[in-house]
Amino acid sequence: MTGIPVPTRQEIVDLLLAVLAGTSSRLAAAEWAAEVQENIESEDPEAVDPEMWHLLRLAASLDVKSGEAYLHSENDIKEWIEGRK
Amino acid sequence: MTATIEQAGGAHLDLDGIRHGDRTLVIHPVFKTGPRAQYSGGRTPESRLEEACGLARAIDLNVVAAECVRINDPKPNTLMGSGNVERIAERVKAEEIDLIVFDASLTPVQQRNLETEWKAKVIDRTGLILEIFGERARTREGQMQVELAALSYQRSRLVRSWTHLERQRGGFGFIGGPGESQIEMDRRLIDERIVRIKKDLEDVKRTRALHRQARKRVPYPVVALVGYTNAGKSTLFNRLTNASVMAADLLFATLDPTMRRVHLPSGREIILSDTVGFISDLPTELVAAFRATLEEVLEADVILHVRDVAHPETDGQKADVEAVLAGLGLGHEVTDTMFEILNKIDLLDEPARDALLTQASRDQRQMPISALTGAGIDGLLAAVDARLAAQRRVETYRLGHDEGAAQAWLYSHGEVLERVDDEDVTEITVRLAPEDVQRFERQRSDKANAMNKDNR
């Protein structure tokens, strides 16, 4: 068990809101989420919150593109935040 | 359709200044001797001719005439004999043909001599397919891949007069000194451009590598569509995703991969990926250029090989697709995850449809559908759902509350079906791939052993 910072669901929601507002780029958000995910997987934090974890994994794929567009639309992100997906 | 070697976008990789709407004669040669007599892909010459006409129409050429020409004794200078050359010259003149599409490979000398004899432009199959890809590519990487393939093709044909290259040379900086022949200059221009594109492609590939890593982070299985061009992949993609990807009755309508999320009947979400279609005699330059894209598709959890069962040469098309897959080094290992989607059953007459349905009922990997009408789509989705579920085992693990990494690992690699938390432990029921079950249990065992050792 180490002291790595495990984000809360609300912290990830705030990040997604920042992406929607344009104050954070998708790439930066995805890179942060991927790094946190890798840290959690490789170290041993306290029990993970499944809702936070699901949202973290989605956030880690924010930058994936389909052709010239993003795989996840802004509406998708809003639905994640509302917990509908 | 005129463009230049310098054009970075590569939207039109002009091979000799052909234009939309050119009055076009399509010729499919039927070889009676020599190595090319062996290969027909199980198709009739008429079918091959019709496909070549479709390729020509794909870039808006005005096909006004088409014919099969028997070639008994291939000639090094003109491929066909003088009688055929003269007869076609008369036809070209009488029907005011601008362009002849030759549905086979021509050497540069043959191409130049036929153009001289027929007083019209001549393009061979490779050149035509490169032209189509050049028009269709939308992403920067796709455009560069096509341009690289076209340059490799052009470099091999420098026997011809490439005056337009000379005109473009200002765009490439310093150009050779006195005494350099036209061909040497042209070759150097192309080589310089190839080096530049390869360097740019390397940068894109690094981005793509990051992309692939990112794509692997998408927490859904990937289902990829492959198939012969015009088999109905994009229509099926639209049907399954309610999207509006271009689904035209055109060869190679889709060139750049497109992905969307789809809900399966169980509620499971997947990523559906639509890709470029295959075709017989795909130019080697293009296979090389698109190899990375194709390989990526084949990393999918499930592959749907979409077939046009109403096409008279459906078996030949299937063989061609399998040949491309085998050429990528992917054969038997993908068949376990592949379904054959027997598309366009709405175009079959009743007896043929009944026979197909009977045949498919004996093989769980064959799914008869009509992407256009929606027939069979529910069954297809259920089968994909079942396949994804069958690839995994259901296990239940009791983990301590301090085993956050183990919990995260299960959430990352599996589909958590149930989670029960009590005071001492968290019980997680999860669906995992068999190899992940082994990996997870080995990791836990190693960790427990290490802890026991520390405690001693």
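Two strands are taken as paired if DSSP finds at least two bridges between them. The exercises below concern a predicted model.

**Exercise 1.** Determine which strands pair with strand 9 of chain B, and in what sense.

*Solution.* Begin with strand 8 (residues 302-308) of chain B, which pairs with strand 9 in the parallel sense over six bridges. Within this pairing, B:D308 lies opposite B:N343 of strand 9. Next, take strand 10 (residues 366-368) of chain B: its pairing with strand 9 is also parallel, over three bridges. Here B:E340 has B:Q366 of strand 10 as its bridge partner. Finally, follow the chain: strand 9, helix 13 (residues 350-361) and strand 10 of chain B form a right-handed β-α-β unit.

**Exercise 2.** Classify the packing of helix 2 of chain A against helix 15 of chain B, and describe the contact.

*Solution.* The axes of helix 2 (residues 26-42) of chain A and helix 15 (residues 404-413) of chain B come within 7 Å and cross at roughly 125°. The two helices are therefore oblique to each other. Helix 2 of chain A contributes A:Q37, A:I40 and A:E41 to the contact, and helix 15 of chain B contributes B:A405, B:A408, B:W409, B:S412 and B:H413. By class, these residues comprise four nonpolar, three polar and one charged.

Technical notes. Residues numbered from 1 in each chain as written. Chains lettered and ligands numbered in written order. Predicted model: local features only at pLDDT ≥ 70, side-chain atom pairs only at ≥ 80, totals over all residues. Heavy atoms only, no water. Helix = DSSP H or I, 4+ residues; strand = E, 2+ residues; numbered from the N terminus. Right-handed = clockwise from strand over helix to strand, strands pointing away. Axes fitted to C-alpha atoms, helices over the stretch in contact; angles between N-to-C directions. Parallel < 35°, antiparallel > 145°, perpendicular 65-115°, else oblique. Contact = heavy atoms within 4.5 Å. Nonpolar A, V, L, I, M, F, W, Y, C, P; charged D, E, K, R; others polar.
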